[in-house]
Amino acid sequence: SSVEIYQQYVSNLNKYNLTQWYLYVNQSKNATAGLDNGNYSYSACAKDSGGRENCTETRNVQVKTGVGTDVSDCRVLDQANTVYNMTQNIINPDMTSLSSCINITAPNVTLDCKGLYIKSNLNKIGIYSNKFNTAIKNCNISMGVAGTSIYLDNANISNIFNITSSGSNGIYLFYVSNSRLENISILSSYVNGIFLSASSNNSLLNINSNKNNSNSLVFLQTSNNNLIRNLNCYNVTRCLGLRVSSFNNISKVNSSYSSLEAIHIQWGGNNTIQNFISDKDAYGIYFYNQGSDNIIRDCNISNSLFKDINSSYSAFNNTLINCSYNTEFVDLTSQLIRKWYYRAYVNDTIGLSIANALVSAFNRTGGIEFLNLRTNLSGWTNITEITDYINNGGVRNFYSNYTINATNGSLRDEHSYNV
């Protein structure tokens with residue numbers, strides 16, 4: 001019977017002679033206990049009464065069973081509304097039959113790596129989720145050169161923070177929305193540090209890199225309405241890339257020694273970039289192939305290897321406001337607009353501030369720049385913008401000198417202003 005076979009397997013007692021017995025025990029745990037995680041080999045042998053024996057081939061089996069919420073090896077996290085905690089580093093695990101080391105298959109799951117490592121030389125995924133409200137935190141992840149540290153697939157409303165990725169692609173969001181990535185360090189990446197594909201309404205905060213071997217630290221493709229803040233790049237290929245991506249709000253970008261450009265915008269429009277510093281990049285900003293209708297505010301671009309600003313292949317209506325730089329290239333098919341902040345102060349002949357005066361500006365051809373800005377009680381207007389020039393196809397059309405006039409009831413005065 002099966003019971004007798006099991007009994008013979010786990011233990012048996014043999015009599016050698018009148019005084020000697022041999023007890024064989026083939027288990028170290030209770031019969032109901034499972035095997036520990038690990039690799040096991042097994043074979044089966046049969047011996048006839050004549051002592052002739054034959055054995056099967058030796059086969060291997062790997063046991064990977066999660067124990068509660070502890071994570072000490074590659075496993076599936078399949079309990080909803082659960083916090084899982086790593087208990088040891090996972091170094092070069094056997095992933096022969098796995099596409100990802102950690103596979104999150106339930107919603108509302110949190111994985112806390114506790115600062116531990118998931119590391120493999122295989123071109124696989126470190127952590128994968130396709131469930132909403134996934135949280136991944138405090139992880140150090142390194143996969144093969146064509147692997148990915150974290151891959152979110154339709155995992156909306158997720159949070160990823162305190163992540164260090166090296167030696168692989170970093171974080172990939174595919175059709176993900178309303179999620180947050182914060183405090184991400186990309187030590188090296190063979191394609192993109194963070195890649196958003198068809199992913200919108202996400203927040204990327206405090207993203208840092210000091211090396212990126214192939215494409216961009218952050219790259220958005222067909223991804224709109226994302227917030228990116230505090231992006232710091234040093235010695236990368238490209239700091240930020242936008243392709244077919246619009247209405248993204250980006251601020252506090254610092255880039256130096258990028259081998260291509262700090263910011264690349266292609267087939268995308270209506271993006272706003274503010275507080276941008278570029279130093280010693282190949283290009284500061286590269287508007288390319290219908291990368292149009294973007295606004296760049298408060299930037300300082302210096303010491304570029306080629307040009308501070310490049311606009312080519314039908315890149316139109318890109319406006320730089322309060323941006324300091326020295327060199328630009330605009331090809332015959334493209335356009336660039338340069339503006340500065342302007343604020344007027346109105347006082348009378350004895351130096352007293354005049355409130356409710358109306359200030360207007362007209363460019364050198366008589367065109368209206370702005371009309372009827374009203375002064376406050378201190379005599380100042382609100383801050384507005386004034387056009388320096390428009391570069392159409394490589395030819396700059398300067399708008400100065402302006403005629404600035406102020407009226408207050410029957411009183412009127414004007415002066416000339418060179419931007």
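Me: What relative accessible area does tyrosine 190 have?
Reply: This is a predicted model, where local features need pLDDT of at least 70, side-chain atom pairs count only at pLDDT 80 or more, and totals for chains, interfaces and linings use all residues. Residues are numbered from 1 along each chain as its sequence is written, and side-chain values use heavy atoms, without hydrogens and water. Buried means under 20% relative accessible area, exposed over 50%, and partly exposed lies in between (1.4 Å probe, protein chains only). Tyrosine 190 counts as partly exposed, because its relative accessible area is 35%.

Me: Which residues form a nonpolar patch with Tyr190?
Reply: A patch takes residues with over 30% relative accessible area and no salt bridge; nonpolar side chains (Val, Leu, Ile, Met, Phe, Trp, Tyr) are joined within 5 Å, like charges within 9 Å. Accessible areas use the Shrake-Rupley method with a 1.4 Å probe, and for residues only the protein chains shown count as cover. This surface patch has about 230 Å² of accessible area together.

Me: How many residues are in the largest nonpolar core?
Reply: A nonpolar core is a set of buried Ala, Val, Leu, Ile, Met, Phe, Trp, Tyr and Cys residues, joined through side-chain atoms within 4.5 Å. Ile102, Ile127, Val218, Leu231 and Leu320 have the most contacts (heavy atoms within 4.5 Å) inside the largest core. The number of residues in this core is 65.

Me: What is the angle between the planes of phenylalanine 174 and tyrosine 175?
Reply: Rings of Phe, Tyr and Trp (its six-membered ring) pair if their centres lie within 6.5 Å; planes under 30 degrees apart are stacked, over 60 edge-to-face, the rest tilted. By this rule there are 15 aromatic pairs. Phenylalanine 174 and tyrosine 175 are 4.8 Å apart, centre to centre. Their pair is edge-to-face, with an angle of 85°.

Me: How far apart are N and O in the salt bridge of glutamate 57 and arginine 59?
Reply: A salt bridge is a side-chain nitrogen of Lys or Arg within 4 Å of a carboxyl oxygen of Asp or Glu. The structure holds eight. Glutamate 57 is exposed at 53%, while arginine 59 is partly exposed at 45%. From N to O, their salt bridge spans 2.9 Å.
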